[in-house]
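Work through the exercises below with the sequence and the model open. Each task is followed by a solution in steps.

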Amino acid sequence: MEMIAGLAHGFSVAALPANLLACFIGVALGSLVGVLPGIGPNAGMALLIPLTFALPPEAAIIMLAGIYYGSMYGGSTTAILLNVPGEAASIMTAVDGYQMAKKGRPGPALAIAAIGSFVAGTLGIVGIMLVGPWLAEMALQFGPPEYFVLAAAGLVFLCGLSTNPFHIAFIMVGLGLAISTVGIDPITGTQRFTFGFTQLAQGIDLVPVIMGLYGIAEVLSMMEEGEQKARLTKVRFRDLLPSWQEAKMSFWPILRGSGLGFLIGLVPGPATVVSSFLSYRVEKRLSRTPERFGHGAIEGVAGPESANNAATAGAMVPMFSLGIAFSPATAMLLAALVIHGVQPGPMFMLNAPDVFWGVIASMYIGNLLLLILNLPLVHVFVSVLKLPQNVLAAMVMILCLVGTYSINNSLLDIWIMVIAGAAGYGLRKLSIDPSPLVIALVLGPMIEKALRQTMFLANGEWGLIVTRPICVVVVAAMVLLFATNAFLKWRRRLPAGAALD
């Protein structure tokens, strides 16, 4: 009953005209961000955070969350029609979706992608309502040792799941943690790692770094690629209706993808990308005709699209309940909450019920809006790709500059953004994902604070960690995970039949 009462309160908040408008703007911009290749929800949310300063906290988070889950819808549109995934999570959708378009069936592929996203998003919201309060109650038992171990284990786990080699991801995490220590020591109040530059005492904010790594790096990539014209596939509204057989074949992949995506969203890492890849492999493994995959199998569209949308909901659970972000997109939401004076964590639902339940209710409304927007208005969104690259690059650059400066009115943030942009472009050329650095930058202050509090409680001894049950379970799980991974790698290196001797 308490959950139903909370959801009813959330709908009363989300139904306010200002919040409905924020939801509509968020999901519309999210679809647009998903359509535009390379922009992604991270840069889109970073660009719009400064524009939310004048909004109430609930309206600001409703808009930014709409960009996050809305981008998953938009990414499938260009993946199916153009074989150009607008978002990394839509890569697997392009495999079979584009083949269906080549065979004259782009409409059903788009419809199943939208319906699967709607179902998965709705089920994911139910998951947040069920798992979020339980996790928040459990988190009330956490102290500094538990938070330190959980955040540190999350970073290690992220290194293992990253698309980068483990040693590269580990270096990126270390770099992110190092950057997070720049500024004023939170305990002694002394400057550290400022190298004589007084301006660095303010620290290095997350938003300029993300704008540089994703926004400026994307602008530089556009300039390098030059003019590109998209060849659009015509889709009439009446052609969107899938056949009964296609709908029947998509039913179980949508449900399986929804469950798998939500669970993967709970753990650190690029959840939307990992969930779509795993869902595709699961559907191919379970299919009686796996040879159809890669040649226009509707299950190859339904499963991954459902998985990446459910993963966006799952990723919000630890952010809301623990105050820990395990992905760059949820890191942006976390930063926005803090900027607006709202502290996520175990007491979030009690201290800010309007924000928590308002965002949950708005996600129901937003998913319905996305279903309505993305089917009839497919060509409106895709036509944006006709915009010249130089115009789009200039728009992104202006938004980055204005947005970064407006946060602290500091030229230092502009320089940080420029440096991060150059670094992001270099990382792209080296095919290195910057996500571990971003997550480490977000979790760095919390890890440092929890570690120093733990050392203070234990008089400098590490023994306190191995005597706390939750810490022991988390550390044991990480050791078991890496031991299993090492064993499997060892087995694969053995000659055939050697393991039987």
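**Exercise 1. Nonpolar cores**

Task: Find how many residues the largest nonpolar core has, and which of them have the most contacts inside it.

Solution. Start with the terms: a nonpolar core is a set of buried Ala, Val, Leu, Ile, Met, Phe, Trp, Tyr and Cys residues joined through side-chain atoms within 4.5 Å. Buried means under 20% relative accessible area, exposed over 50%, and partly exposed in between (1.4 Å probe, protein chains only). By this rule the largest core has 107 residues, and L206 and L333 have the most contacts inside it.

Next, list the partners of L206, taking contact as heavy atoms within 4.5 Å. With neighbours within four places in sequence set aside, L206 touches A331, M332, A335, V438, L441 and V442.

The model is predicted: local features need pLDDT of at least 70, side-chain atom pairs count only at pLDDT 80 or more, and totals for chains, interfaces and linings use all residues. Residues are numbered from 1 along each chain as its sequence is written, and side-chain values use heavy atoms, with hydrogens and water left out.

**Exercise 2. A salt bridge across the sequence**

Task: State which parts of the chain the R192 and E448 pair ties together.

Solution. A salt bridge is a side-chain nitrogen of Lys or Arg within 4 Å of a carboxyl oxygen of Asp or Glu. The whole structure holds 7 of them. In one, the side chains of R192 and E448 meet at 2.6 Å, N to O. R192 belongs to strand β2 (residues 191–192) and E448 to helix α19 (residues 435–457), so the pair links parts 256 residues apart in sequence. Helices (H or I, at least four residues) and strands (E, at least two) are DSSP runs, numbered from the N terminus.

Now check burial. R192 is buried, at 15% relative accessibility, and E448 is buried, also at 15%.

**Exercise 3. Extending the network**

Task: Which residues do salt bridges with shared partners join into one network?

Solution. Begin at E448, which also bridges R452, with the closest N and O atoms 3.0 Å apart. Both residues lie in helix α19, 4 residues apart, about one turn of the helix. R452 is partly exposed at 29% relative accessibility. Through shared partners, D185, R192, E448 and R452 form one network.

Notes
Contact = heavy atoms within 4.5 Å.
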